[in-house]
Amino acid sequence: MHFHVAWATTRADEVRRRVTAHLATAQAPGTAVFDVDETLLHNEPHNGDGIAVHRVGQHLYRHARATGLLPCIVTARHHTPAARDYLADQLKALRYAPPHKTYMTTAAFVNDGTPGRFKQAARDRIMKRSGPLVLNAGDQVTDVLGPGDTVDRLLRPDTYYGLRTADLPRLLSVKFPG
């Protein structure tokens, strides 16, 4: 698929405004997919457990739930029962409601060298099981684009981007700084 940059900003309030407007036009059923690290939470090694809430990610997650979308997590963290419990504890500590589904990298993808194939496979599975993607958010390009997808310009690492594609007209992908 080819994506184009619908908007770009470094301002968190503008991201919240634009995504809120997008979600106001989105009708359930549908899903919202979120990465974890540097999207729903910040990793801060000097702070106790090493995490803090990501305010933009938190707003998008809560607003997606409030509009009736099913929030799903797709993360490159490796799946083990202990890792799944640890992630659930982190989200609970930051006051996130439990997601509808959580997808963590499985053994089949661990040695792949890139999380892109896993993340695209997870998004495809989500669309088949839970409905169309309406929102997709993450800090890495592989969080919002699949292998072989293109975007119409280079993305700066310090900027939020709203990405759209004609192939999935209900979808807004939000690339966080990173």
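Five bridges join strand E5 to strand E6, and the two strands run parallel. In this predicted model, the chain crosses from E5 through helix H3 (residues 81-93) to E6, a β-α-β crossover that is right-handed.

**Strand pairing**
- His78 has Thr105 in E6 standing opposite.
- E5 (residues 70-78) is also joined to E2 (residues 31-34), by four bridges, and this pair runs parallel.

**Thr102**
- Thr102 lies in strand E6, which covers residues 101-105.
- Thr102 has a relative accessible area of 19% and therefore counts as buried, the cut-off being under 20%.
- When neighbours within four places in sequence are left aside, the contacts of Thr102 are Ile73, Arg84 and Leu87.
- In a regular strand, side chains alternate between the two faces of the sheet.

**Confidence**
- The average pLDDT of the chain is 92, and 97% of the residues score at least 70.
- Among the elements of the chain, E2 has the highest mean pLDDT, at 97.
- The lowest mean pLDDT among the elements, 77, belongs to helix H4 (residues 107-110).

Note on methods: Residues are numbered from 1 along each chain as its sequence is written. This is a predicted model: local features need pLDDT of at least 70, side-chain atom pairs count only at pLDDT 80 or more; totals for chains, interfaces and linings use all residues. Side-chain values use heavy atoms; hydrogens and water are left out. Buried means under 20% relative accessible area, exposed over 50%, partly exposed in between (1.4 Å probe, protein chains only). Contact means heavy atoms within 4.5 Å. Two strands pair if DSSP finds at least two bridges between them. A crossover is right-handed if, with the strands pointing away from the viewer, the path from the first strand over the helix to the second runs clockwise. pLDDT is the predictor's confidence in each residue, from 0 to 100.
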